[in-house]
Amino acid sequence: MGGFLQSKTENRTRIHGQKRKFDDDSSDSYKELDSSIEGVLRTKDGGKFQINRNLLARQCPFFKALFGGNFGDGTDVLLRGIDSETLESILVYLYTGTIQLNEENATDILVASDYLLIDPLLQKSRSFVLKEMTTTNCVPLFLTVWRIEGLSILNNCHRFIVIHFEEFVSESEEIGCLPLAALKNFLKEKSLNISSERTVWNAIVKWIKFDLSDRLKFVPELLRYISLEDLDNPLMNDIISHNMIQENNFCQDLIFSELQQTEQLQNFRQILISKSNMTASRIPTNSHLIIYNCIEHSSFEKNIYITWDGEIDYWLKLGRVHFFPDYIFQLDRYVYMFDTTINISLAFDIFHKKCLPMTPIYQSRCYYSVVSVKGFIYIMGGRYNHLYNIEDIERFDPRTGKWKLVSRMVPMSLSNAVALNGYIYAIGYNRDVTNPKMMIQVYDPASDRWSSVSAPRLFKPEITAFAFGGQLYIIAGKTFGCVSRSIEKYDPVKDVWIPMPDLPFAYRTPRAVVLNDVLIVYEEHIVYRSCGKKTPPVYWVPENRTWNTIQDSSPLQMIRLFKICTITESNVIKFFAKQNRKQSKSWVKSPLA
């Protein structure tokens with residue numbers, strides 16, 4: 001998941017204040033900040049600062065321990081690893097709460113605030129360096145966070161370089177500064193954003209040449225990270241004829257001793273295949289198409305984005321749509337969207353990035369359920385003119401673009417329908433007003449027949465249903481004026497319903513999304529959420545069977561503004577990835593990052 005459920009630092013408004021300058025012996029401007037001088041802090045580069053120990057101890061746990069612990073008298077202290085300019089900025093921050101961050105000082109202040117245990121400044125400097133990261137300054141920052149684990153942004157820096165790798169290799173000579181382990185971590189990425197494998201080879205050449213004599217021995221090892229499926233013959237010829245290969249004893253011993261025949265090119269490819277770590281094509285395994293209901297600046301735009309890979313931190317805008325769907329499915333190159341409240345639908349062509357109309361359904365209806373299973377889309381339930389229940393079930397064939405009627409189920413009031421293990425599970429209740437009971441009916445697309453299975457234990461006419469981990473889940477919404485927290489799951493193998501731990505919050509209109517195998521539940525009802533009810537999103541932790549609240553600082557607090565469709569079909573991902581590679585400036589941070 002890339003750590004997306006962890007608490008993330010919020011982007012904070014930078015507090016600009018006039019920066020007070022100290023000279024080496026403490027200037028008058030510094031004395032204005034603190035007229036009660038009780039100690040001295042020194043730095044290795046000759047800086048000397050007179051300080052109020054009590055004030056610093058109140059503001060900073062490090063200084064509290066230093067001045068109150070068994071570290072001498074604490075009146076004259078040498079701080080190692082912090083230069084005078086950085087310490088000056090931090091002291092001003094501790095006295096005034098203001099600091100001026102810029103590209104030159106931000107990394108030093110990040111490291112120093114971690115060392116001095118100044119958490120607010122650590123968070124502020126983290127946000128700043130991530131926001132201002134570029135292909136020209138990312139390596140020094142990466143090397144810093146590679147060395148200091150506590151800075152907790154190594155994954156952010158790694159992802160930035162993965163997404164901008166083409167520019168990084170072509171524009172920066174600092175790739176040679178990377179440790180071998182870090183370089184291999186980048187080269188083994190299936191999601192590496194490159195125009196071709198030549199970029200990987202160029203990266204290897206640059207890294208080797210940075211310290212040629214000591215690094216020639218790593219050439220055979222690094223060649224294993226070139227994707228052979230994406231390797232063309234011109235590049236193969238360039239590699240085999242390169243003097244870094246031809247004149248490298250390590251390559252002669254480890255590879256070319258096996259090349260004794262005339263078909264060197266084919267032999268070389270076979271040798272690489274036998275040793276390679278990258279035999280498959282370098283494309284992501286999945287990605288997400290996301291509809292973002294942007295409500296900033298009262299624009300209320302519904303924009304369509306696609307993520308570079310299975311993470312949700314970088315995305316590319318594809319277009320916009322005029323409604324916010326409640327159902328979204330991907331079949332081949334198209335993503336189908338439905339807003340069942342107003343009975344509107346469309347198909348979005350991922351390859352050509354445009355919206356197309358869908359053939360209207362036979363029976364006009366609203367508030368119906370939509371399910372996709374085995375390459376077809378089914379709609380069922382709903383009402384005509386908001387009054388009359390509709391029994392017809394229609395199936396859409398994307399190959400013909402037409403709808404067709406299929407078998408009806410036993411009449412019931414349909415609450416929701418879910419696709420699970422190749423079947424459709426319709427959840428509802430009978431229409432006996434004196435004795436209403438829950439009903440579950442299952443549709444087999446192969447036989448076009450319906451059957452019944454066990455019903456949930458409790459009566460829940462208003463529900464959200466979804467599939468997760470091969471089982472069916474239902475969450476109760478508002479029922480008879482009461483908002484429930486109950487949730488049950490159905491095991492289709494044993495035909496039994498199993499109670500789950502109650503949700504920590506009562507959701508009037510609960511919704512659920514499974515994102516990278518993590519189940520998230522959130523409140524969709526705008527009025528209920530905005531009238532003071534505490535209904536933050538939660539996620540399920542299966543290891544200890546608990547619901548954890550998503551922290552206020554997490555961007556997933558906004559999950560209700562997104563509809564997410566995971567794309568896993570390899571042909572679609574491969575086409576789109578190759579079509580949009582190298583556009584690193586178009587891939588921008590998403591609000592979910």
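In what order do the 3 strands of the open sheet lie? Select β1, β2 and β3: the order is β2-β1-β3, and the pairing is mixed. Bear in mind throughout that this is a predicted model.

**Stop 1: the sheet**

Start at the edges. They are β2 (48-51) and β3 (76-79), each pairing on one side only. Neighbouring strands here are turned by 25 degrees against each other on average, direction ignored.

Now pick strand β1, residues 39-43. It runs parallel to β3, and 4 bridges join the two. Look for Val-40, which has Asp-76 of β3 opposite.

Helix α3 (residues 61-68) lies across β1, β2 and β3, and runs at about 135 degrees to β3. Helix α4 (residues 84-96) also packs on the sheet. Helix α4 touches β1, β2 and β3, and its direction makes about 15 degrees with that of β2.

**Stop 2: Asn-52**

Is Asn-52 buried or exposed? Its relative accessibility is 11%, so Asn-52 counts as buried. Show its side chain: it reaches the backbone nitrogen of Asn-54 at 3.0 Å.

**Stop 3: aromatic pairs**

The whole structure holds 27 aromatic pairs. Select Phe-62 and Phe-63. Their ring centres are 5.5 Å apart and their planes stand at 80 degrees, so this pair is edge-to-face. Both Phe-62 and Phe-63 are buried.

Compare Tyr-305 and Trp-315. These rings are stacked, at 3.7 Å centre to centre with 10 degrees between the planes. Tyr-305 sits in strand β5 (residues 301-307) and Trp-315 in strand β6, so the pair ties together parts 10 residues apart in sequence. Tyr-305 and Trp-315 are both buried.

Then colour Phe-142, Trp-146, Phe-165, Phe-168 and Phe-186. Ring pairs link these residues into a cluster.

**Stop 4: helix α8**

Select residues 154-163. This is helix α8, mostly covered, with 7 of its 10 residues buried. Which residues of α8 are the buried ones? They are Cys-157, His-158, Arg-159, Phe-160, Ile-161, Val-162 and Ile-163. Show what surrounds them: they pack against α7 (138-147), α9 (165-171), α10 (180-187) and β6 (314-320).

**Stop 5: the nonpolar cores**

The largest nonpolar core has 106 residues. Phe-63, Phe-165, Leu-289 and Met-337 have the most contacts inside this core. Its largest share, 7 residues, comes from helix α11 (residues 197-210).

Zoom in on Met-337. Beyond residues up to four places away in sequence, Met-337 touches a list that includes Leu-289, Ile-291, Ile-304, Val-321, Phe-323 and Pro-325. Tyr-327, Ile-328 and Phe-348 are also among the residues touched by Met-337.

**Last stop: Ile-390**

Go to the loop between β14 (388-389) and β15 (393-397), where Ile-390 is found. Ile-390 counts as buried because its relative accessibility is 9%. Which residues is Ile-390 in contact with, leaving aside neighbours within four places in sequence? They are Gln-363, Ser-364, Arg-365, Gly-381, Gly-382, Arg-383 and Tyr-384. Finally, draw a C-alpha to C-alpha distance from Ile-390 to Pro-411: these residues are 21 apart in sequence and 9.3 Å apart in space.

Technical notes
Residues are numbered from 1 along each chain as its sequence is written. This is a predicted model: local features need pLDDT of at least 70, side-chain atom pairs count only at pLDDT 80 or more; totals for chains, interfaces and linings use all residues. Side-chain values use heavy atoms; hydrogens and water are left out. A nonpolar core is a set of buried Ala, Val, Leu, Ile, Met, Phe, Trp, Tyr and Cys residues joined through side-chain atoms within 4.5 Å. Buried means under 20% relative accessible area, exposed over 50%, partly exposed in between (1.4 Å probe, protein chains only). Contact means heavy atoms within 4.5 Å. Two strands pair if DSSP finds at least two bridges between them. Axes are lines fitted to C-alpha atoms, for helices over the stretch in contact, and angles run from 0 to 180 degrees between N-to-C directions. A polar contact is a pair of N or O atoms within 3.5 Å; within protein, one must be able to donate a hydrogen and the other to accept it, and residues adjacent in sequence count only if both atoms are side-chain atoms. Rings of Phe, Tyr and Trp (its six-membered ring) pair if their centres lie within 6.5 Å; planes under 30 degrees apart count as stacked, over 60 as edge-to-face and the rest as tilted.
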